[in-house]
Amino acid sequence: MRSTVDPGEHLVYLVNDGHGHFHDGSAAAGLGAIPGGLNLIAGDYDNDGNTDLLVLRGAWLGRGGRIPRALLRNLGDGRFVEVTAQAGLEFPAYPSQAAAFADFDRDGDLDLFVGNEARAGEVYPSQLFRNEGDGTFRDIASVAGVDPFAYTKGAAWGRCRR
């Protein structure tokens, strides 16, 4: 998969032909019209065994970066379908390039942390989305105490042992 910071450019899905070459399979994969983003995050959010993608957009663009992210569900046959709105991840749209999937509540479903950017006069909180197990997410960052208004440029999960 190839992406770009330019919201006018589309994702490009490169398919290995098995002989050392790649061809553009974007249209066949259902990605020909999906705008790119600065970062792609991979994870199997729906537990079907296929790696899904989250496209992050708007980083470094300030107020102009309020571009909705895109959640792309992998159908397992070389095709993807955008499910952002249905999943509850479309709005609010904050500028970001940092996110990570992990099962923080240990219920077997990948949850999602998105660290957004903030600058003088522009504050965008980080978001923690609980995977509801039915294809939707719910932002619980305020309740969990992880909604800092900080300029977030990276995200990773870890586990503390007690």
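**Figure 1. Lining of the largest cavity.** The lining of the largest cavity comprises six nonpolar, three polar and one charged residues; Ala, Val, Leu, Ile, Met, Phe, Trp, Tyr, Cys and Pro count as nonpolar, Asp, Glu, Lys and Arg as charged, and the others, Gly among them, as polar. The model is predicted, so that local features need pLDDT of at least 70 and side-chain atom pairs count only at pLDDT 80 or more, while totals for chains, interfaces and linings use all residues. Residues are numbered from 1 along each chain as its sequence is written, and side-chain values use heavy atoms, with hydrogens and water left out. A cavity is a set of points, on a 1 Å grid over the protein atoms alone, where a 1.4 Å probe fits but cannot get out, and its lining residues have an atom within 4 Å of a point. The largest cavity holds about 50 Å³ of space, a volume being the space filled by probe spheres set on the points, which are joined across faces, edges and corners. Val 5, Gly 37, Arg 57, Gly 58 and Leu 61 are the closest to its centre among the 10 lining residues.

**Figure 2. The aromatic pair of Tyr 45 and Phe 137.** The whole structure contains four aromatic pairs, in which rings of Phe, Tyr and Trp (its six-membered ring) have centres within 6.5 Å; planes under 30 degrees apart count as stacked, over 60 as edge-to-face and the rest as tilted. Tyr 45 and Phe 137 make a tilted pair, at 5.8 Å centre to centre and with 40° between the planes. Tyr 45 belongs to the loop between β3 and β4 (52–56) and Phe 137 to strand β10 (residues 137–139), so the pair ties together parts that are 92 residues apart in sequence. Strands (E, at least two residues) and helices (H or I, at least four) are DSSP runs, numbered from the N terminus. Tyr 45 is buried at 4% relative accessible area, and Phe 137 is buried at 7%; buried means under 20%, exposed over 50% and partly exposed in between (1.4 Å probe, protein chains only).

**Figure 3. The aromatic pair of Phe 104 and Trp 157.** The ring centres of Phe 104 and Trp 157 are 6.1 Å apart and their planes lie at 10°, so the pair is stacked. Phe 104 is in the loop between β7 (96–102) and β8 (111–116), and Trp 157 is in the segment after α2 (141–144), 53 residues apart. Phe 104 is partly exposed at 29% relative accessibility, as is Trp 157 at 35%.

Figure 4. Six of the six residues of β8 are buried. Asp 111, Phe 113 and Gly 115 point one way, and Leu 112, Val 114 and Asn 116 the other way. Strands pair if DSSP finds at least two bridges between them. β7 is joined to β8 by six bridges and runs antiparallel to it, with Ala 102 opposite Asp 111. Three bridges join β8 to the antiparallel strand β9 (residues 127–131), where Leu 128 is the bridge partner of Phe 113.

Note on methods:
On a 1 Å grid over the protein atoms alone, a cavity is a set of points where a 1.4 Å probe fits but cannot get out, and a pocket is an open set with protein on both sides within 12 Å along at least five of seven lines; lining residues have an atom within 4 Å of a point.
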